[in-house]
Amino acid sequence: MNSLAARFDALWHLFVKELMKFGVVGALAFVINASLTWILMHTVFTDGHLKAKFAATVVAILFAWVANRLWTFRHKRQSDKRKELVQFLVANGIGMAIELGCLGFSYYVLGLTSAYASFVSGTIIGTILGTVFRYFAYRFWVFTEELDEDPNFADTAALEIARITGRAPAGRSAAPGAPRRGDEPEDG
């Protein structure tokens, strides 16, 4: 039973670690998105709140791809960068549509046309809903390949897998605290 609890604990910590990294990247992308939206709505796009939100979101998406690719999901990057980028852009296109949909609903349906109302509906509410969608799209569609063969990532992934399974990967040492084959106590 302790082995099952240890595996669950390792899996939970891996998930929490990934979710925290995603949150940090998301928070930075949010700051980029929100700041740029606010600046553009008050300078270049004073009469085009949707244009301001679109431009800011594109910049934030590019930042998020690089940061998630190199940090959050670095052990699950696809070997085909173009395919990964296309999938990332599709996921973010849907996320952006969620954000723009919230803004459009507020602006055109509810008639809330102030910069403040547009900021809250598109940047606050839309980003929250879009972020939930993006996490699941990244986790289960975009960043899905395990890079066990890549020497830059094999040790980290191998150790995380060893913690979860309780077994050392072939040709590698076990994670600290994980039992190795032959080290199990014999029942006598």
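**Chatting through the helices, cores and a pocket**

Me: Let's start with Thr-37. Which element is it in?
Reply: Thr-37 sits in helix 1. Keep in mind that this is a predicted model.

Me: Is Thr-37 buried or exposed?
Reply: Thr-37 is buried, because its relative accessible area is 2% and buried means under 20%.

Me: And what does Thr-37 touch, leaving aside neighbours within four places in sequence?
Reply: With those neighbours set aside, Thr-37 is in contact with Ala-52, Lys-53, Ala-56 and Thr-123.

Me: OK, now Asn-33. Where does that one lie?
Reply: Asn-33 lies in helix 1. Asn-33 has a relative accessible area of 5%, so it counts as buried.

Me: Which residues does Asn-33 touch, not counting those up to four places away in sequence?
Reply: On that basis, Asn-33 touches Lys-53, Ala-56, Thr-57, Ala-60 and Glu-99.

Me: How far apart are Asn-33 and Lys-53?
Reply: From C-alpha to C-alpha they are 7.8 Å apart in space, and in sequence they are 20 residues apart.

Me: Switching topic: which residues touch the most other members in the largest nonpolar core?
Reply: Those are Phe-73, Phe-88, Tyr-138, Val-142 and Phe-143, in a core of 17 residues.

Me: Which elements give two or more residues to this core?
Reply: Helix 1 (2–41), helix 2 (49–72), helix 3 (81–109) and helix 4 (115–142) do. Helix 2 gives the largest share, five residues.

Me: What does Phe-73 touch, not counting residues up to four places away in sequence?
Reply: Phe-73 touches Glu-18, Phe-22, Asn-68, Tyr-135, Tyr-138, Arg-139 and Phe-143.

Me: What about the second, separate core?
Reply: That core has six residues, including Ala-34, Leu-40, Met-41 and Ala-115.

Me: On to pockets. How much space lies in the second largest pocket?
Reply: The second largest pocket holds about 210 Å³ of space.

Me: Which lining residues lie nearest its centre?
Reply: Gly-26, Ala-29, Ala-64, Thr-131 and Arg-134 do, out of 18 residues lining the second largest pocket.

Me: Which helices supply at least two residues of the lining of that second largest pocket?
Reply: Helix 1, helix 2, helix 3 and helix 4 each do. The largest share of that lining is from helix 1, with seven residues.

Me: Last one: what classes of residue does the lining of the second largest pocket have?
Reply: By class, the lining of the second largest pocket has nine nonpolar, seven polar and two charged residues.

Methods: Residues are numbered from 1 along each chain as its sequence is written. This is a predicted model: local features need pLDDT of at least 70, side-chain atom pairs count only at pLDDT 80 or more; totals for chains, interfaces and linings use all residues. Side-chain values use heavy atoms; hydrogens and water are left out. A nonpolar core is a set of buried Ala, Val, Leu, Ile, Met, Phe, Trp, Tyr and Cys residues joined through side-chain atoms within 4.5 Å. Buried means under 20% relative accessible area, exposed over 50%, partly exposed in between (1.4 Å probe, protein chains only). Helices (H or I, at least four residues) and strands (E, at least two) are DSSP runs, numbered from the N terminus. Contact means heavy atoms within 4.5 Å. On a 1 Å grid over the protein atoms alone, a cavity is a set of points where a 1.4 Å probe fits but cannot get out, and a pocket is an open set with protein on both sides within 12 Å along at least five of seven lines; lining residues have an atom within 4 Å of a point. Grid points are joined across faces, edges and corners, and a volume is the space filled by probe spheres set on the points. Ala, Val, Leu, Ile, Met, Phe, Trp, Tyr, Cys and Pro count as nonpolar, Asp, Glu, Lys and Arg as charged, and the others, Gly among them, as polar.
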